[in-house]
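Please walk me through this structure in the viewer. Tell me what to select next and what is there.

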Amino acid sequence: MNASSDSLAPDSTSTVHEQQRLEKRLYRQVRQAVDDFGLIEDGDRIMVCLSGGKDSYGLLDFLCKLQRRGAPRFEIVAVNLDQKQPGFPAHVLPEYLTRIGVPFHIETQDTYSVVKKHIPEGKTMCSLCSRLRRGILYRLADELGCKKIALGHHRDDMLQTFFLNMFFGGKLKGMPPKVVSDRGDHLVIRPLAYVAEADLARWAELRAFPIIPCTLCGSQDNLQRQQIGQMLRDWKTQYPGRIENMAVALQNLVPSHFMDSRQFDFKVLQATGVADPAGDKAFDPEEFPAFAPSAFVGVPVVPQ
């Protein structure tokens with residue numbers, strides 16, 4: 001990695017200090033996610049999916065910082081799928097990756113035409129586009145010798161997925177930080193699991209990443225994910241600390257207090273005569289903390 005890729009020319013001392021604080025926080029959060037969920041091990045060769053958006057740039061940036069620390073020792077290959085969207089600036093990512101010294105592969109597949117051909121105008125393109133992209137990425141992981149695929153989903157994406165499944169899918173299901181791929185022969189990891197989207201947006205500004213907007217799905221209006229995203233942003237403004245508490249909740253499941261008999265055998269449950277502090281207490285604690293435990297992100301949680 002070119003050392004100059006970590007440098008900026010901020011226009012003020014306050015900007016320098018802000019960048020240093022934000023970098024320290026983001027690195028700590030990525031490092032903690034890696035440790036908590038066993039995302040990276042010595043000898044791994046990781047395919048980092050780079051779309052040209054702020055999230056994937058941030059992912060690559062902090063994996064490179066982690067790589068330079070040397071523990072664990074792992075390899076990175078950045079991969080971009082050029083889907084032949086009209087106006088896509090194909091030169092941007094190769095130039096950026098060459099400049100910072102990261103090995104990369106650009107795969108060109110015209111999935112744009114396939115999606116436009118099969119999805120009626122005005123309908124959501126995400127499902128088909130995602131399936132096509134996932135299949136191509138699995139193949140590339142095999143060809144590049146990568147058993148792990150790193151994606152740039154962050155804390156807010158995980159919360160959005162949880163509410164999407166609950167509101168529109170009728171299930172309590174989230175987006176895990178580590179999961180076996182559909183085919184069963186790769187591990188998909190999300191090192192940004194503890195990172196807030198707002199922090200990634202600000203980091204992208206400070207680092208002046210050459211952002212490439214998605215003109216295929218990102219421009220569609222009224223997507224369910226956009227609705228959920230707006231709901232979370234409204235909550236963040238109206239109720240400071242709520243987003244942090246919800247993120248912590250994803251790590252504190254209590255199967256006995258849901259209604260899924262596949263996860264908890266209610267039929268065999270009997271009174272034991274032994275006091276159970278968790279018993280029939282539906283709300284605990286009775287007064288919720290103003291902010292989430294700092295252990296979730298590795299630093300004290302403060303209002304944005």
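This is a predicted model: local features need pLDDT of at least 70, side-chain atom pairs count only at pLDDT 80 or more; totals for chains, interfaces and linings use all residues.

Step back into H3 and select residues 92–100. Color Val92, Leu93, Tyr96, Leu97 and Ile100: these are the buried residues of the helix. Now look down the axis of H3. The buried residues fall within an arc of 115°, so they line one face of the helix. Turn to the face pointing away from that buried side. Glu95 and Thr98 are exposed there.

What covers the buried residues of H3? Show helix H2 (54–69), strand S2 (74–82) and strand S3 (104–108); the cover includes these elements.

Next, widen the view to the largest nonpolar core, which has 38 residues. Select Ile40, Val48, Leu60, Ile76, Leu97 and Val102, the residues with the most contacts inside this core. Leu97 brings you back to the buried residues of H3. Then display the elements that give two or more residues to the core: helix H1 (13–37), strand S1 (44–49), H2, S2, H3 and helix H7 (197–207). H2 gives the most, with seven residues.

Move on to another core, which lies apart from the largest one and has 14 residues. Pick out Ile136, Leu137, Ala141 and Cys146, which are among them.

Last stop: the cysteines. An unreviewed UniProt entry places the feature "binding site" at Cys126, Cys129 and Cys217. Select cysteine 129, in helix H5 (residues 126–143). Is cysteine 129 buried or exposed? Its relative accessible area is 4%. The cut-off for buried is under 20%, so cysteine 129 is buried.

Note on methods. Residues are numbered from 1 along each chain as its sequence is written. Side-chain values use heavy atoms; hydrogens and water are left out. Buried means under 20% relative accessible area, exposed over 50%, partly exposed in between (1.4 Å probe, protein chains only). Helices (H or I, at least four residues) and strands (E, at least two) are DSSP runs, numbered from the N terminus. The arc is that of the directions from the helix axis to the C-beta atoms. Contact means heavy atoms within 4.5 Å. A nonpolar core is a set of buried Ala, Val, Leu, Ile, Met, Phe, Trp, Tyr and Cys residues joined through side-chain atoms within 4.5 Å. UniProt positions are given in the numbering used here, feature names are shortened, and annotations may be inferred rather than shown by experiment.
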